[in-house]
Amino acid sequence: MSNLHPQQRPDTFQNSSSQRSISSNSWRASVDFGSKGVRHGSRSGNDSEGFSMSRREINDDDARLVYVNDPLKTNEMFEFAGNSIRTGKYSVITFLPRNLFEQFHRVAYMYFLIIAVLNQLPQLAVFGRGASILPLASVLFVTAVKDAYEDWRRHKSDKIENNRMASVLVNDRFELKKWKDIQVGEVVKISADETIPCDIVLLSTSDPTGVAYVQTINLDGESNLKTRYAKQETLSRIPEKDIISGLIKCEKPNRNIYGFQANMEIDGKRVSLGPSNIILRGCVIKNTDWAVGVAVYAGRETKAMLNNSGAPSKRSRLETHMNQEIMLLSFFLVTLCVVVSACAGVWLRRHQDELDLMPFYRRKDYSEGKVENYNYYGLGMEIFFSFLMSVIVFQIMIPISLYISMELVRVGQAYFMIRDDRMFDASSNTRFQCRALNINEDLGQIKYVFSDKTGTLTENKMEFQFASIAGVDYSGEKTEVYVEQGGYNIQVDGQVWRPKVKVQVDPKLLQLSKTLNDTKSSKEIYDFFLALAACNTIVPIVVNSSNPNEKLIDYQGESPDEQALVYAAAAYGFMLIERTSGHIVIDIQGERQRFNVLGMHEFDSDRKRMSVILGYPDSTVKVFVKGADTSMFKIIDESLNLDVVRATEAHLHSYSSVGLRTLVVGMRALSVSEFDTWQTSYEIASTALMGRAGLLRKVAINLENNLTLLGASAIEDRLQKGVPEAIESLRKANMKVWVLTGDKQETAISIGYSSRLLTSKMSQIVINNNSKMSCKKSLEDALITCKKLIDVTSATDDDASSVALIIDGTSLVYILDTELEEQLFELASKCAVVLCCRVAPLQKAGIVALIKNRTDDMTLAIGDGANDVSMIQMADVGVGISGQEGRQAVMASDFAMGQFRFLVPLLLVHGHWNYQRMAYMILYNFYRNALFVLVLFWYVLYTGFTLTTAITEWSSVLYSIIYTAVPTIVIGILDKDLSRKSLMAYPQLYGSGQRKESYNLKLFWVTMVDTLWQSVVAFFIPVLAYWKSDIDSSSLGDLWTLAVVFMVNIHLAMDVIRWTWLSHASIWGSIIATCICVIIIDAIPVLPGYWAIFILGSSGLFWICLFGILVASMIPRFVVKMFMQHCKPCDIQIAREAEKFRNSMEVTRSGEIEMHR
Amino acid sequence: MLLQTQRNTCHDRVNLPHPHSPFPFANQFNSIHPQIKLQKLVADMNHNVNGPSKSKRLSKKPQYSRFTQQELPAWKPILTPGWVIASFLAIAFLFIPIGLVSLFASERVVEIVYRYDQDCIPETYRGNVTAYIQNSVTNKTCIENITVPKKMDPPIFVYYQLDNFYQNHRRYVKSRSDKQLRSAAYEFTTKDCEPEARVNTTWGGEPIVPCGLIAWSLFNDTYNLIKQDKVLDINKKGIAWKSDTKVKFGSNVYPKNFQTSNLIGGGKLNESIPLSEQEDLIVWMRTAALPTFRKLYGKINVSLEAHDTITVVLQNNYNTYSFGGQKKLVLSTTSWIGGKNDFLGIAYLTVGGICLFMALNFILLYVFKPRPLGDPSYLSWNRKAVN
């Protein structure tokens, strides 16, 4: 008697439990919808995969056989994992090799390694051994220490976890055993509030009906209780006395936490087991004194452990572009190396005859008896060696340190995003979460926002608003009076029990519901509320309140809609107070009534309804059905009462047009023969091993027909705080906000109005078709209308010209993945707003893909439910709302937060900053490294192309480790081009990221030209100033070192916008650190450059040179920058000036200007 | 006050590190190291068992600080037109005088450069220069007259200048042993000195001190200057850096086996004088940065008058002929910017001039095309609206 059904809310109507399991199954795999050709939509049974999974008979080869209470026999082959978990990756011995192995999986480290290895060859030894290994070693060491620390933490928590105690049946007695010693096949007993140590199949519980309530918050984050059942055959047995010996045949371990398929042979009978019979490791038993189960999966094979893989790694747009520029830099590097080696070849060739006698070359070694070539390998090899050597010398042209700096910067940026108290949600006590660390800067370039509606734009706190019962609309004024009295309550053992949530009620309806008599309308009201109270999967739980005489009934359930309905029924005097798998107890206007639950047909996305078969105390049997209007009106017997049906339809329309979610309730009395027929087929279906879900559905469809319409309910899903303002900001920031919802069109449109997505001035294009041809036609028509509208109103840039497209899931079925996609894209890109309603989860992803595959624009998807997972993964940036609906969206997302409105600070403020900072940092790093390499390169041209570096090898190595590393990271984390206030006040400023203003190929070339100039200045001023002088190479090298380091730091200082003490400290500190390092290096007597810096520093020429270099190198940059700032100021520049020179009054004035436009 | 304290303690409690996440942003590392997530889940499980209610009560609200909210006090300079013009003018007014002073200083330096490598080859050997220079028997003495163009005040520096001599050649630069130069204890540290590391063939032979190609190729031309039949005293003491003579070159290190192998490279050293006093060697060992370089030979402490004729008697021993190098004798006075070099003065004047020009340009720009700072009508979206 499976009772676990997924959330029944319009949003997930197309999302059956089976499909949900697919999505959860694949939520880690990177889903590429386009290439796989997965169908979007439900045309040909998008659930087929899910059904085939459940229909599949477990093959013996794929099955795991578990002998209940016989772990030895179960695990004869020692093939099942024990229950000890090991999340630590390394042991003391394996740490070094494994960690190194893993670290070298990174390309950057391989580059370091290859360069270092090349340098070890004696012919190529450019740097000393120490100097060449230092960069690699320092990076490896830091990472290794970090890894070791994390692993130690993991070991520690493993140990705690493994040594927890659980009671296990050993020799017919329950004994305490450590978790790690539990084996598959053992019978485990868990008491209330204990955590389940491994995945167990329930055998019996303290509840006589075999129910156990579990909290799965550790697994999926859903805080409500879920029910799990022991099978009829085992629930009465007490393991100590009545030994259960059976055989469970279940699937191989898999990561699907919503699916389980098995059967159990017990006492010669075969019973099937499903997801409602298994409790997974990590869940907590609640409201159940004890539960006994047999372990079927243990340790790393448990579903919880199998589900622990990392978030999908995405690469940011900026980084992808950066890699192209890095290819260019590699090309430069190769060019430099080719130039050097070619020149070296020419030089050697021209001096071929002189090589033996050149006092500075000496090809021949005369020290031995036999005269032979000394370090000369022939022209070809010499050229080859100089090529390799030049690669070593110029290695930092490829800014490998940039990757590490970027990681550090992103960690820093993430730290600030997490710590931002404006993105802290007090109501759910959640901070912003940064789950993917690689795409911070993508937040600054978003062009399209795809948003879910329920739970994302709205609160997903359902409130029962109106009811239409038997064609009568009860949507009158709400009264608070009744609420003040405390609502409906009942007396139990002298205590007052009342529902936990108070509902505002319609006084007229309340009056009617109170006076139960035999009139037709009274009966209709009775049936309606009984249906609301009974036709659900809500579990009432009695909890203590602050008042000792008062207890509260908390309705726990998976669907907030159902909760709202049950609370509403309770408020009108139909209070559900007990539910077991066999019966429910409802207090009807003070009178307790017990109904047998004879059967229940779960909700599924094909039927879009659920039904429950109730046996009345007077042994009549009725079936109550509740579902979406589209699916319900098909099965309602209109002949009974056509007027009522029409009236209800009208009411439904008016409800959904004010943004309410509607459900229709129907009922039918079953005759004995009908019931018997149903029962037989139900039993056959529910014990079937093949295609159980399909059979059950058939049974349900047979039963659910010819219903009497009871009425309809309307539930309000309120908008979250700040949603309209947030959407307005996003749209001002030139982002296109699309809403993709499973809700009805009317609901979607009404939410669109209330969230200010739609305005009355906009013209709406609605596409609502049932065939491909009609879709094509309406798309064409729409395009023409759209063009017309835009042409007519293009003169006035206003909302009036903007078009809203409203399209539904059925139409999308015919459009997505067909040639009509192109037209839809064309149309959608012309529209300011797009609303897609009635869309299935995969369609949501399809719509995201529609944009993502056709444009270069960044997409962001935001959602909160399992049905948003595919869309979140498809979009460039996925944002999860950690709300009511569990953690699946969060788990799949890159960023998670508590409220939709945090999207505004996230994108406009943090995204903008992150983008600006990262973009600048990348360009700066290119410049910084290229400058150094070019200075080395120029010198090589004056050394007979032999790759001598005047700059000491230690300075070369320290250049990117100490001299220039810190400021770029600090600025990358801390610099702010604009204040939060301006960015929030002018969302348009976000456009700089969308237009890629801070990082593009043009800027790259400009930077490189600037770098070339600076390197020429840095190199040639000293060369010309010291031409024909007695300067030694160490002194000149020191001059170049200092000049280059000063230059890059001053270059950075010129671009810093906000000077905090940290910026000062890092920039000037780097310069000081460099001086100190140079002094230390020159104070080592065994280095050739001993004391050079002191001799150099005492001459005036040095200082004049240095000063001249700094000024001359920066002048072009400064001139261009100032000229651009004045003549072509970017928005950021103006806003910055406004921030500084205009007071707040003028900010408002400019706001007015904006409105006047 | 009490309330304040209480709130603080509350904050302290709030910010107690999670027992399993000492990093405030521990889950940041998840994407880098996916396996941590498992650990986190386990940690969360533990945590929930240990005290689910406790963790719920604690607010996770980030504690406010100006740092975490990125609101550290900051200086936000914006270069206004005034500042731009001022900085250009400042640079111009700084650079032009410095350039003039440098140029003036350079002009005052008197320099005599005399190239002798060609003149000092006897006519008979012109066709076969290498034979002449490599022959140890031929007379290398060469006498030439030079004229002093201007009065030269002491100290007058005597340099030799080599052209096309790559003292910065990688193989050459590396061919030395600084340890050996510094201390007798490291006599055998000659690893880098090949092919001038050891004598007597086989490996493990006697070390050469000082070893390596640099020392081996020591410059060995000598100059004697005669002014009006009077020998001008060239002071060869104190031509090397004090730091080199005191620290870098050992006073207990004596030349050994130097220039004894089959091929003689350059000058020889007096084996009874420690390296720390062989200043010619020390100067030579400071390898030059560029292929055209001067090295200090000595100093003359008397002044030379204009039109004085000086007779140079030099020993033309050093072989630069085999690779087409040039040798020059340089007599030069000095100034605060070193020797005669107009470059820096010109460079400074140029930069100063450019800055002055830029300042004028910007003045014109600001006058004829002014833009009010921070005027929102220049914002791109407002501009679009106007258009």
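How many of the 1157 residues of chain A count as buried? Here are my notes.

1. First, the ground rules. This is a predicted model, where local features need pLDDT of at least 70 and side-chain atom pairs count only at pLDDT 80 or more, while totals for chains, interfaces and linings use all residues. Residues are numbered from 1 along each chain as its sequence is written, chains are lettered from A and ligands numbered from 1 in the order in which they are written, and side-chain values use heavy atoms, with hydrogens and water left out.

2. Back to the opening question: 63% of the 1157 residues of chain A count as buried. Buried here is under 20% relative accessible area, exposed is over 50%, and partly exposed is in between (1.4 Å probe, protein chains only). Chain A has 41 helices and 37 strands, taken as DSSP runs numbered from the N terminus (helices are H or I, at least four residues; strands are E, at least two). Of the chain A contacts with a separation of 6 or more, 75% are between residues 24 or more positions apart; contact means heavy atoms within 4.5 Å.

3. Now the A–B interface. Chain A puts 147 residues into the contact and chain B puts in 128. About 12,600 Å² is buried between the two chains, with 61% of that from carbon and sulfur atoms. On the chain A side, Pro359(A), Phe360(A) and His1126(A) lose the most area to chain B, together 6% of what that side buries. Buried area is the accessible area (1.4 Å probe) that two parts lose on being put together, summed over both.

4. What holds polar groups across that interface? The rule finds 35 residue pairs in polar contact between chain A and chain B, both residues at pLDDT 80 or more. Helix H39 (residues 1100-1127) of chain A gives the largest share of the chain A side, 16 residues. By class, that side has 74 nonpolar, 33 polar and 40 charged residues. A polar contact is a pair of N or O atoms within 3.5 Å; within protein, one must be able to donate a hydrogen and the other to accept it, and residues adjacent in sequence count only if both atoms are side-chain atoms.

5. Salt bridges next (a side-chain nitrogen of Lys or Arg within 4 Å of a carboxyl oxygen of Asp or Glu). One to look at is Arg422(A) with Glu71(B), closest N and O atoms 3.1 Å apart. Both residues belong to a salt-bridge network that also takes in Asp420(A), Asp421(A) and Arg980(A).

6. Arg154(A) pairs with Asp151(A) at 2.9 Å; they sit three residues apart in helix H7 (residues 129-162), about one turn of the helix, and both are buried. Arg995(A) bridges to Glu997(A) at 2.8 Å, with Arg995(A) partly exposed at 43% relative accessible area and Glu997(A) partly exposed at 33%. In chain B, Lys151(B) meets Asp153(B) at 2.5 Å, N to O; Lys151(B) is partly exposed at 42%, and Asp153(B) at 43%.

7. Finally, chain B's domains, with bounds from an automatic or database domain assignment: domain 1 (15-58), domain 2 (84-109 + 340-369) and domain 3 (110-173 + 221-333). Four residues of domain 2 touch five of domain 3. These two domains bury about 300 Å² between them, 44% of it on carbon and sulfur atoms, with zero salt bridges.

Notes:
Ala, Val, Leu, Ile, Met, Phe, Trp, Tyr, Cys and Pro count as nonpolar, Asp, Glu, Lys and Arg as charged, and the others, Gly among them, as polar.
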